[in-house]
Amino acid sequence: MDCIFCKIVAGEVPADILYRDELVIAFRDINPEAPVHVLIIPVKHIPSLADVTEADAPLVSRMISVANRIAEQEDVAEKGYRVAINCGEQGGQLVPHLHMHLLGGRQMSGKLG
Ligand code: AMP
């Protein structure tokens, strides 16, 4: 499948991977928008948040747990951080493989869109 994030999962495209287990991987965003900008993605290809079902509850839970753990490791947990999922064209999603952005290390703006 011609998906850049699937290629990162498969090791075919290099990435700065911070975490990997059977459900998710996490790696640094190539174009960071904050001092800490990490993407947490499912190992399996899910195109977007809109494709997540009840059966994916363990996966979504793991993505959140991993985001919290990386926030601790990256030393932004205490001051706070933002987690965001863009969904679809008007949601600002550019890569069609579900991913959670973890942003921290600076004051986030009050605007979300
Ligand atoms: P989104 O707009 O929510 O789809 O975000 C996609 C994110 O993926 C952007 O922040 C990109 O900088 C990031 N990105 C795209 N290609 C790569 C890559 N090869 N390695 C790391 N991050 C990437």
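A: Let's start with a term we'll need: two strands count as paired if DSSP finds at least two bridges between them. Keep in mind that this is a predicted model.

Now to the strands. Strand 1, residues 17-20, is joined to strand 2 by three bridges, and the two run antiparallel. Together, strand 1 and strand 2 make a hairpin, with three residues between them. If you want a spot to look at, find Arg20, which stands opposite Ile25 in strand 2.

Strand 2 is also our way in to the ligand. Strand 2 (24-28) and helix 1 (4-10) each supply at least two residues of the shell around the ligand. Helix 1 gives the largest share of that shell, with three residues. As for what the shell is made of, eight of its residues are nonpolar, six are polar and two are charged.

So who gets nearest? There are 16 residues around the ligand, and the ones that come nearest are Asp29, Asn86, Leu94, His99 and His101. Three of these names come back when you look at the ligand's oxygen atoms. At Leu94, a polar backbone atom is 2.6 Å from an oxygen atom of the ligand. With His99, the side chain takes part: one of its N or O atoms is 2.7 Å from a ligand oxygen. His101 also uses an N or O atom of its side chain, 2.8 Å from an oxygen atom of the ligand. On its own, the ligand has 510 Å² of accessible area, and the protein covers 85% of that. And the space the ligand takes up is the largest pocket.

Conventions. Residues numbered from 1 in each chain as written. Predicted model: local features only at pLDDT ≥ 70, side-chain atom pairs only at ≥ 80, totals over all residues. Heavy atoms only, no water. Near = heavy atom within 4 Å. Polar contact = N/O pair within 3.5 Å; in protein donor to acceptor, adjacent residues only side chain to side chain. Areas by Shrake-Rupley, 256 points an atom, 1.4 Å probe, with all protein chains shown as cover. 1 Å grid on protein atoms, 1.4 Å probe; cavity = no way out; pocket = protein on both sides within 12 Å on 5 of 7 lines; lining within 4 Å. Sits in = over half its atoms within 2 Å of the grid points. Helix = DSSP H or I, 4+ residues; strand = E, 2+ residues; numbered from the N terminus. Nonpolar A, V, L, I, M, F, W, Y, C, P; charged D, E, K, R; others polar.
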